[in-house]
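The exercises below are meant to be worked with the sequence and the model side by side. Try each task before reading its solution.

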Amino acid sequence: SFKLSYYNEYKSYLSVPMMSTTHISPQTISGHERRQFERTLCCMLKELEGYTTTVELRDEVEVTGVVVHVDGMMNVTMRGDVRYDKPHHPTLHFQHVHIHGRKIRFVHVPDGVNMRRAIVNQLDKYRHNAQLYGTKRRQGYVARKRQERAAVVEQVRRRREEMSRPPQGT
């Protein structure tokens, strides 16, 4: 009874997501999310996918588990035996946990992770994919659109000329 009410009290901080475990590639995130990812330390958290770590929430709760996914808004998904610890309350265990990014205070980085290399690797990966897939200007998009607009303008000009000519015939 206490355990259930305790969980219901804090379900706004944690939710069980209904999502697949497939990896989300850099091409599937929005431009806004990519900008947030590149301008914050969220890229360092992305490198923690697959590691067991502890996330401290703003209300002094510690959530420990294997990080499965981190998105551009710093939302963290953990799976496996996820431990939820709050001071002066019993420890709870969950199979899936989704933590909203705005509720996170600290993330404990495992000793085996080189933070500088992690940030550089993630930024390089996302910038590389943005150059290949995300930037329309590099793919000649602007030049093609200019040619299409010029062709439409030329068609309109020809029609106006045809309309302004006197009718030929009798």
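A residue is called buried when its relative accessible area is under 20%, exposed when it is over 50%, and partly exposed in between, computed with a 1.4 Å probe on protein chains only. The model is predicted, so local features need a pLDDT of at least 70 and side-chain atom pairs count only at pLDDT 80 or more, whereas totals for chains, interfaces and linings use all residues. Residues are numbered from 1 along each chain as its sequence is written, and side-chain values use heavy atoms, with hydrogens and water left out.

**Exercise 1. Arginine 83 and its partner**

Task: Determine which residue forms a salt bridge with arginine 83, and classify both partners by accessibility.

Solution. Begin with the criterion, which asks for a side-chain nitrogen of Lys or Arg within 4 Å of a carboxyl oxygen of Asp or Glu. Aspartate 85 meets it with arginine 83, their closest N and O atoms being 2.8 Å apart. Next, compare the accessibilities with the cut-offs: aspartate 85, at 16%, counts as buried, while arginine 83, at 36%, counts as partly exposed.

**Exercise 2. Other salt bridges**

Task: State how many salt bridges a search of the whole structure finds, and examine those of lysine 46 and arginine 157.

Solution. The search finds five salt bridges. Lysine 46 pairs with glutamate 49 at 3.0 Å between the closest N and O atoms, and lysine 46 is buried, with a relative accessible area of 4%. Arginine 157 and glutamate 161 meet at 2.5 Å, N to O; because they are four residues apart in helix α5 (residues 141–164), about one helical turn separates them. Both are partly exposed, arginine 157 at 39% and glutamate 161 at 35%. Widening the view, Glu154, Arg157, Arg158 and Glu161 are linked in a network of salt bridges.

**Exercise 3. The aromatic pair**

Task: Describe the geometry of the aromatic pair in the structure.

Solution. Rings of Phe, Tyr and Trp (its six-membered ring) pair if their centres lie within 6.5 Å, with planes under 30 degrees apart counted as stacked, over 60 as edge-to-face and the rest as tilted. The structure holds one such pair. The ring centres of tyrosine 84 and phenylalanine 94 are 6.2 Å apart and their planes stand at 80°, so the pair is edge-to-face. It links distant parts of the chain, since tyrosine 84 belongs to strand β4 (residues 76–85) and phenylalanine 94, 10 residues away, to strand β5 (residues 92–99). Both tyrosine 84 and phenylalanine 94 are buried.

**Exercise 4. The buried side of helix α2**

Task: Find the buried residues of helix α2 and decide how they are arranged around its axis.

Solution. Within helix α2 (residues 31–39), the buried residues are Glu33, Arg34 and Phe37. Viewed down the axis of α2, these buried residues fall within an arc of 100°, so they line one face of the helix. The arc is that of the directions from the helix axis to the C-beta atoms.

Definitions and conventions:
Helices (H or I, at least four residues) and strands (E, at least two) are DSSP runs, numbered from the N terminus.
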